[in-house]
Structures are given as structure tokens and as C-alpha cells.
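This briefing describes how two protein chains meet and what lies on their surface. Look at the structure first, then read the points below.

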Amino acid sequence: MKELEKTKRLSIAAVLTILVILIALLSYKRPEHLYTVNTQDTLEKVVNNNYLITLEDLNQENHVLVDVRNSFDFNKGHLDNAINITSPEILEDDNSRIINKIKEENKTIVLYGNTPNETTLPYLLLSQLGYDNLKILTVKNSYNQNKLITENFVIENNATDIDAFIQESVKNKEAAMKKLKARAIPKVQPTPKKVIPVKKKKKMPIEGGC
Amino acid sequence: MVNRKLVKFLSLRYKILAFIFIVLAGGLVLLPKHEKQEGISPEKLLANTINPERYISTDALAEKMINQDPSLLLIDVRNESDYKKYTLTNAINIPLKNILDEESEPYLNQDAYDVILFSNDHFHADQAWILCTRLGYKNLHVLNGGINSWYNTIINPKMPTEDMAHTEFELYAFRKAASMYFGVAYPEKVKKATVIKPVTKPSITAAPKKVIVKKKKKKLPIEGGC
């Protein structure tokens, strides 16, 4: 009978283990978004700049324009045939479906925003999730009297030589200082005049002492 | 009768249990291949990235630099030639392509400093920020607008026009002072100094005139004393 008790316990334990495994399997939810590209590979992709295209390169047939600005800006004005997927909502189910559909059709997603800076997040996020059909349109969008103006934009433009600017400002200052010195010299002379009245002062109290 | 059946069943008990476990173990083969996920989840990365808190303005940075904030660590992610041409004071250079190298990790993955990444604009700095944030690095910030914005606001600030608010003028005064701290010289400052000098000189020459008046006063009481 002791043996029977033992097997009873054993089988209860086995059943419980199986139950736990079943519950775990059933409750396990596969995460919707998984990285398929690691950071090192993404970095390599980012460093060679062939994901950037300009307005002239835009080929309407193969490209699907995706506007990552907010819906207010999108409704105010957007490029022709663009669809709106704002950056914060890029991982939502509807948007994932749209992006997957574009990928199945072998088309290229072209991201744009007010400046290319705004597209960094959606670009990097999607490329790390394994979408390799991505491009960034390097444009700057602005409004003039409620009309959208799109112009090409140079990324990471080294606009000014700051060092040269500082050097020049120092030179200008030195030049100004020299001019000043040249002008200032004749004005130094009136000081001896000061000394003479002081001497007179001292003499007078002596006279008063008489 | 029941007892005998039970005994027969129980004699197989270990075999049955073993069989169940073998079947379960076989199930493991059917499980999908485990993909190792590097860093934080995409949802979390998205949430972190849409938060504009990582941006630091050029004014805030200038103030920190002038106060010589000891927790500040500036990292220039531009290439070496740009770095040599001009960079912020005490910045170290880690080009974007080397940002994930082993040698750069101690600078980025630490909690002693507030790291500020910058480039010409903030496009490359942002990319570096996103990749490092995915790896879970903390205390990283991005200089909003980068070096170009640094030039336009701190090094060469634009003078506010008359109709602008008072705060604009205060900001301009701060920026101008900051730019002088970072080495910019203003010729008009020299001119202002020269304006002050001629003013002081006439005041000195005017002084002896007063003394003459005083002399007369002193003489009078002396004469009365005789």
C-alpha cells in the first residue's frame, strides 16, 4: 500500500507539471514586433548614406510616400499620393498591416517629415525590425500662406566655419584696439596740468599761518 | 478482479510516465527557433524615442559649460576632420561609425556623466542615440540642432529687433556673454571702452577749476584772522 501511495503522489505531480506547461503555452503571447537586425548591422547601414534620396530621385511607380508628421500637418498639405503614418503610431496594428502590404508588393517606402531629422526614428525602428525597403526623402517642408513648400535639404550640412569666425572676430577686435591706441596718445597729456594747482594749494595754508 | 487490473497497470507506471515525458520532450523540437532579442523591446524604444526629453538646447548647454558642470561629457559623433576643425570645449570624438565599438562603450554605457551627443545637425546624433538607447544605455542626450544651431544661437546670436519681447533681449545678452566666453571678440566692445575714457578725462581737467574756487574761499577767512 505504501508503494501505491508513492505512485499516486508521483502521478499527481506529473499531471500538475503537464498542466503548468499547458497553461504556460496557452498564455504565451508572441511579441508582435521582434528585431531581426542587430544594432551593429543597422549602424553599418546607416553609415553608408545610400538610404537617402532627393526630390529628383523620386520615382512615383515604385515608391510609396509615407508622411510621418502629425495628422494636422498632413491635412494641411502633403506630397501627392502620400499616406500618413505618424511616428508614435508606427507600431500599431493598422500601420503594420499597411507597411507589410507595401513590402509584399515589393515597393519602397519613402519617409519624409518637416525635416529629415523627424524620419530618423521611424527609419531606424523599421529597419531594425527587418524592413529593408526603406528610404528617406531629404526634403524640408514649410508653409507659406498655407501652401506647402517642399525643397531639398542637405543633411548634416556643415554650414559655417566657426573657428574662422572666431579668429576673424579676434582680429577685428585687435584692429579696433590699434586704432584706439593711435587716437588715445595725444589725450594723455593734460595730466601735468593737474599737478600745478595741487602745489598752489599747499602754499596757501602756509601763507595763512602768518 | 479490480485489484489485479490495478496491479497490472501499476507495474507499467514508470514506463507510462517515461513515455509521457518523452512525448513532451519531442514537442520541444516543434517550438520555433528562439531569436535572441538584443536590448529593449521595440515598443519601449519607440516610447523612449518619441519623448523629446533627450534634447538639450544650446542655451542650456552653454550655461552648463560656463558653470563647468563636472557631470558633463560631450561626444562629437562627426568624422575626425570636422572634429579637428572645430568642436565644443573638452568634447571627445567618437565618429558615428565607431559608436558601437568596444572602446567607445565605457563613455556611453555609464551613469556617472550626462553624455551629450552632437553633430552638425542632430540627424547623426539622433541615430547614435537611438542605437545606444536600444542597448539600454542611460544618461544620453542630444544637442538640439547640433553645431549649426550652436553657431546661430551662441557663437553668432542674432540681435533681437525693437518690437521683440524683453525676454528676447535678456536671452541675447546671455548669448553674447556666452559667445565671449567661448572666444568670440566684439570690436564694438572696444569702442564702448574708448567712449568711457574721454569722459573721465574731462572730469579730471574740470576738477582743478573747482580747486581754484576753493582757494578764494580759504583766503577770505585768513584775511579776517589778521
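Ile16(B) sits in helix α2 of chain B; helices (H or I, at least four residues) are DSSP runs, numbered from the N terminus. This is a predicted model, in which local features need pLDDT of at least 70 and side-chain atom pairs count only at pLDDT 80 or more, while totals for chains, interfaces and linings use all residues. Residues are numbered from 1 along each chain as its sequence is written, chains are lettered from A in the order in which they are written, and side-chain values use heavy atoms, with hydrogens and water left out.

**Nonpolar surface patch**

- Ile16(B) belongs to a nonpolar patch on the surface, whose members also include Ile21(A), Leu25(A), Phe9(B) and Leu31(B).
- Such a patch joins nonpolar side chains (Val, Leu, Ile, Met, Phe, Trp, Tyr) within 5 Å, from residues with over 30% relative accessible area and no salt bridge.
- A salt bridge is a side-chain nitrogen of Lys or Arg within 4 Å of a carboxyl oxygen of Asp or Glu.
- Together the patch residues have about 930 Å² of accessible area (Shrake-Rupley method, 1.4 Å probe; for residues, only the protein chains shown count as cover).
- α2(B) supplies the largest share of the patch, five residues.

**Interface of chain A and chain B**

- The contact (heavy atoms within 4.5 Å) takes 61 residues from chain A and 62 residues from chain B.
- The two chains bury about 5,700 Å² between them, 71% of it on carbon and sulfur atoms; buried area is the accessible area (1.4 Å probe) lost on putting two parts together, summed over both.
- Of the area that chain A buries against chain B, Tyr35(A), Glu156(A) and Ile162(A) supply 14%, more than any other three residues.

Methods
Patches are made of residues with over 30% relative accessible area and no salt bridge: like charges are joined within 9 Å, nonpolar side chains (Val, Leu, Ile, Met, Phe, Trp, Tyr) within 5 Å. Helices (H or I, at least four residues) and strands (E, at least two) are DSSP runs, numbered from the N terminus.
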